[in-house]
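Me: I'd like to learn how to read a fold. Could you walk me through one, feature by feature?

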Amino acid sequence: MYTFDPERYQRRIAWFQDARFGMFLHFGLYSIPARGEWVRSDENITIEDYQPYFDAFDPVRFDARAWAKSAKDAGMKYVVLTAKHHDGFCLFDSQYTDYKITNTPFGRDLVREYVDALREQGLRVGLYYSLLDWHHPDYPHYGDRYHPLRNDPSASNEGRKWENYVEYFHSQVRELCTNYGKIDLLWFDFSYNEMRGEKWGAAELMQMVRSLQPDILIDNRLEVSGEGFGSLAEGHPTSYHGDFITPEKMIPPEGLRGKDGSPLCWESCVTTNNSWGFCRDDPYFKPAGLLVKKLVECVSKGGNMILNVGPTAAGEFPAQTAETLRQLGLWMRQNGESIYGCGSAGLPKPDCGRFTRRGNALYLHVYENSIGPLPLPDIRKEQIQRVSFLASGCEIAISSSWVHSDYPDVCFLDLGPAPVLPDPADTVVKIVLKERV
């Protein structure tokens with residue numbers, strides 16, 4: 001039986017905390033109605049009324065290599081794809097169901113093409129698997145919190161055998177951990193009400209997964225949903241604890257810590273607009289500059305950011321999403337050094353932006369310029385070895401201007417005469433210290 005080993009745990013999460021930036025992909029039958037991945041639950045759609053989407057599913061412009069290249073070019077280091085979402089539809093060729101992509105007009109194992117494409121690009125492979133299943137006959141229907149037929153008394157739970165469903169989904173997870181080579185990350189979703197922990201057969205499930213994929217990372221949602229931290233944070237990890245915490249559509253006000261005060265591994269799940277699955281009527285896309293700042297915020301607090309893309313029914317990234325990813329990639333190519341392998345600087349948040357840090361290198365993310373030279377109130381001149389703009393490598397001088405002579409104990413940087421920063425989203429200043437502050 002799996003038991004928690006702190007040293008092995010730290011080795012397991014090392015690549016994840018170095019990567020800092022990943023892509024989430026929500027894709028499935030729900031991409032056709034284009035009203036989000038919860039459409040079947042939200043609109044109480046029966047299996048019969050949902051069937052036309054299965055019969056029509058044929059993402060003719062799907063290109064796994066294009067997806068992988070978009071993630072790589074945007075500066076992401078890992079990708080997580082919804083192998084099965086709550087509607088029960090599988091993007092992989094499972095032997096345990098007919099409700100799978102190889103039985104649609106598309107006819108191919110999309111997960112197979114996805115994992116191969118990621119490996120070609122040198123990206124870490126992640127798969128999402130929903131613990132919920134609104135298609136399986138043994139999953140609770142009437143009275144469940146989320147099932148599309150939860151309010152239909154005729155959808156009685158009489159005769160439904162929960163143990164059959166547990167065996168089914170364990171078998172599918174075994175397939176994912178056996179048939180696709182090394183899987184770096186497994187993202188379960190999600191626990192609610194009494195449906196958590198051993199209700200899922202979690203100890204047996206985790207033992208099986210870790211025996212097949214010893215180095216795999218697993219999220220915390222066998223125990224919790226987007227709310228809650230899980231047993232590792234509480235200081236008494238169960239055999240099915242999560243390796244990282246998964247705040248959703250928000251960034252914690254501070255870095256997450258366990259009850260003993262030690263920093264926790266976490267990943268903020270962020271959408272490009274307000275939706276996970278493709279939603280035709282959601283035009284509220286976040287600008288690339290804002291997403292840069294949110295990524296920096298996560299890293300400055302010791303966390304990761306995974307940014308979601310909901311491909312269209314044709315299998316393409318929406319045009320506005322693709323453009324956002326392109327802009328993120330431009331910034332990351334020049335400034336990724338301030339993200340990868342970085343974490344909290346252990347310094348107060350500066351007025352102008354945020355700090356990230358790796359070793360004796362501080363990265364000051366400047367969101368707005370100062371009037372006159374830029375103050376560094378928490379760093380002394382004698383601690384600094386050199387200062388430069390990260391993107392260009394150009395030297396930045398420590399200011400000796402008379403305008404700040406009233407503040408002799410504060411170090412100021414001379415960013416030059418232009419009132420506009422070189423990068424209006426985030427100009428990164430690299431400060432190499434002689435020794436750690």
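Me: What covers the buried residues of helix 9?

Reply: Before that, some ground rules. This is a predicted model, where local features need pLDDT of at least 70 and side-chain atom pairs count only at pLDDT 80 or more, while totals for chains, interfaces and linings use all residues. Residues are numbered from 1 along each chain as its sequence is written, and side-chain values use heavy atoms, with hydrogens and water left out. Helices (H or I, at least four residues) and strands (E, at least two) are DSSP runs, numbered from the N terminus. Buried means under 20% relative accessible area, with a 1.4 Å probe and protein chains only. Now your helix: its cover includes strand 1, strand 6 (267-271), strand 7 (304-309), helix 10 (319-335), strand 8 (353-358) and strand 9 (361-366). Among the buried residues of helix 9 are Leu 291, Val 292, Leu 295 and Val 296.

Me: Which residues are buried in helix 5 (residues 110-120)?

Reply: Start with the general idea. An α-helix has 3.6 residues a turn, so residues three or four places apart point the same way. In helix 5, Leu 110, Val 111, Tyr 114, Val 115, Ala 117 and Leu 118 are buried. Down the helix 5 axis, these fall within an arc of 165° (taken from the directions from the axis to the C-beta atoms), so they line one face. They pack against strand 1 (21-25), helix 4 (64-73), strand 2 (78-84) and strand 3 (124-130), where contact means heavy atoms within 4.5 Å.

Me: What happens at the start of helix 5, and what comes just after it?

Reply: At the start, a side-chain oxygen of Asp 109 comes within 3.1 Å of the backbone nitrogen of Val 111. Just past the helix, Gly 122 has a positive phi of about 75°.

Me: How do I read a sheet? In what order do the seven strands come?

Reply: Look for pairing: two strands pair if DSSP finds at least two bridges between them. Here the seven strands make an open sheet, ordered 5-4-3-2-1-7-6, with parallel pairing. Strand 5 (217-218) and strand 6 are the edges, each with a single partner strand, so one side of each has no neighbour in the sheet.

Me: How many bridges join strand 1 to strand 2?

Reply: Four, and the two strands run parallel. As an example, Leu 25 has Leu 81 in strand 2 as its bridge partner.

Technical notes: Buried < 20%, exposed > 50% of the residue type's maximum accessible area, 1.4 Å probe, protein only. Polar contact = N/O pair within 3.5 Å; in protein donor to acceptor, adjacent residues only side chain to side chain.
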